[in-house]
Each structure stands twice: as C-alpha cells, then as structure tokens.
Amino acid sequence: AEPSVKYKRVLLKISGEALMGDQGYGLHPPTVARIAREVKSVHDMGVEICMVIGGGNIFRGLAGSAQGMERTTADYMGMLATVLNALGMQAQLEALGIHTRVISAIPMDQVCEPYIRRRAVRHLEKKRICVFAAGTGNPYFTTDTAATLRANEMACEAIFMGKNGVDGVYDMDPKKHPEAKRYETVSYDEVLQKNLGVMDASAIALARDNNLPIIVFPLDEPGGFKGILAGKGTYTRVQG
Ligand code: UDP
C-alpha cells in the first residue's frame, strides 16, 4: 500500500438507491460501473475491501408491510433485492479485472457463496473484494446492521458510508436548513440522542459497543472514496 494510506481493511456501505442513477428504480449499469471504478481506485492502493449494498432501490420490507404484507416475507424480499444489487456490482468489478465474491447470508449455492467467516477472511487476504449480500439473513434488521456486523467480523478498521448529495453528518437537515453545520467528528451517543440519521439505531449501537468508527462521506464526488482513505476531502467521523 502507498504510505499515505491509513487503512488496511475497510467496509464500504452504500444504499441500494445509489445504484439506480436517475431512473427512480432498480439498477442503472453505468452508475454501478462508476461506483465500481471508485472502488477499484481504492483496491489499487492495496486496501482490502468489503462491501454491503442495500436493497431500497428494489424493495424495502417496511414498505411491503405498510401495504399489508406479512413483515417477515416482505423482509426476505428486501434481502433478495440486496443479492440482485450485489451481483450487479460483482459484474462491474469483474469487468474491471477485480476478483469479487458475492457472499450471501442466505445460502443460494448456484448463485453465490454462502457466508463462512474464515473463507471470507481468506478472500480478503487474497485481495478479492467481498460483497456481503442478503443483509444479516434475518428479518427486522437492515443492511446498516449487516454492514456493522460484517465489519466487526472481518476486523475492518472502519465503515465508510458512501452518500449521495451530502458530504457528512449535519446537526440538522442541510436541505431544509441552510445554517446547518457539518460535524468533523461526532460521538455515537450524540448521533443516537439527536437521531442524526447516519444509520439505524441498532447499527449505531453495535458500532459503538465495538468501537468501530463510521466515516460518512460523499460517494458522488469523483475520486472521493480514494481521497477519504488518505484523509482528504470532507467527511464526518462517528466515533467514541
Ligand atoms: N433486510 C432484512 N434483514 C437484513 C437486511 C435487510 O430484513 O439483515 C431487508 C429489509 O426489509 C430492508 C431491505 O432488506 O428494508 C433492504 O435493505 P435496506 O432497507 O437496508 O436497504 P437500503 O436502504 O440501504 O437501500
């Protein structure tokens, strides 16, 4: 790795919506390809990369249950949506020549690998990107919780939350309040108390209990991911 890089192993979390471009639904391959290039630039630095991608561009369990579906079934549909996104990302990463494994919390052997912790660690050591799919495999959780869980299991040094249209965590919604201020750093407890919307509360608590830093940064900034890993650009660090 280049000497300026502070991280050896990280987890990048993006929402499903980050993949849909301006389509309003589903996957937009050129957008997925653009994100894959951002990831490649970090992979080229020698950093080991885990990814968790949400499913909200296709299906959210809560939305299904609000429309009368049984919640657990709706959540399984949401988890399957994340597998579609993970496969879409794998295709674009492999088009760039990066060996990538999709690893699902719900076994589906013809499609991708099942989650086996030691095997995933080995992939990372061999510089393969691991895209963790199907969330935690459990209903009532989110891909934010899955990201925190996997980052802990894989001993990542931090979670990088790549956002669109926002460059960190603000004390109030910057789209509604022009006077909103961005935090350089903010504690887990303040995020929870003020409901600052970095991740859902169980994911924040899991990060806090394991002292896992969360770095919120703009993924739509070209070269942004690489810059943030070297400590450049604007971002917010959530820590103890
Ligand atoms: N989900 C779940 N368990 C998990 C992770 C995800 O049930 O461990 C379901 C849940 O229904 C959620 C959907 O998958 O709404 C998509 O994930 P999420 O909403 O986190 O996606 P994002 O908002 O990041 O796109």
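Analyst: Strand E3 (residues 100-104) and E5 pair in the parallel sense over 5 bridges. Please keep in mind that this is a predicted model, in which local features need pLDDT of at least 70 and side-chain atom pairs count only at pLDDT 80 or more, while totals for chains, interfaces and linings use all residues. Residues are numbered from 1 along each chain as its sequence is written.

User: What makes E3 and E5 a pair?

Analyst: Two strands pair if DSSP finds at least two bridges between them, and E3 and E5 have 5 bridges, with Val102 standing opposite Val131 in E5. The strands themselves (E, at least two residues), like the helices (H or I, at least four), are DSSP runs numbered from the N terminus.

User: Why are strand E4 and strand E7 said to stand at the edges?

Analyst: The open sheet has 9 strands in the order E4-E3-E5-E2-E1-E6-E8-E9-E7, with mixed pairing. Strand E4 (113-114) and strand E7 (185-187) each have a single partner strand, so one side of each is left without a neighbour in the sheet.

User: Why is Asp75 called buried?

Analyst: A residue is buried if 20 or more other C-beta atoms lie within 10 Å of its own, exposed if 12 or fewer, and partly exposed in between, the C-beta atoms being placed from the backbone. Asp75 has 24 C-beta neighbours inside 10 Å, and therefore counts as buried. This residue lies in helix H3 (residues 71-95).

User: What makes Thr136 buried?

Analyst: Thr136 has 21 other C-beta atoms within 10 Å, so the word buried applies here as well. Its place is in the loop between strand E5 (129-133) and helix H5 (143-153). Leaving aside neighbours within four places in sequence, Thr136 is in contact (C-beta atoms, placed from the backbone, within 7 Å) with Ala105, Phe141, Thr145, Ala146 and Leu149.

User: Which residues does UniProt list for "binding site"?

Analyst: The unreviewed UniProt entry lists Gly55, Asp75, Thr136, Gly137, Asn138, Pro139, Tyr140, Phe141, Thr142 and Thr143 for "binding site". They are spread over 89 residues of sequence yet cluster in space, the largest C-alpha distance being 14.2 Å. UniProt positions are given in the numbering used here, feature names are shortened, and annotations may be inferred rather than shown by experiment.

User: Which helix gives the most to the shell around the ligand?

Analyst: H3 gives the most, with 5 residues, and helix H2 (61-66), H3 and H5 each supply at least two.

Key
Two residues are in contact if their C-beta atoms, placed from the backbone, lie within 7 Å.
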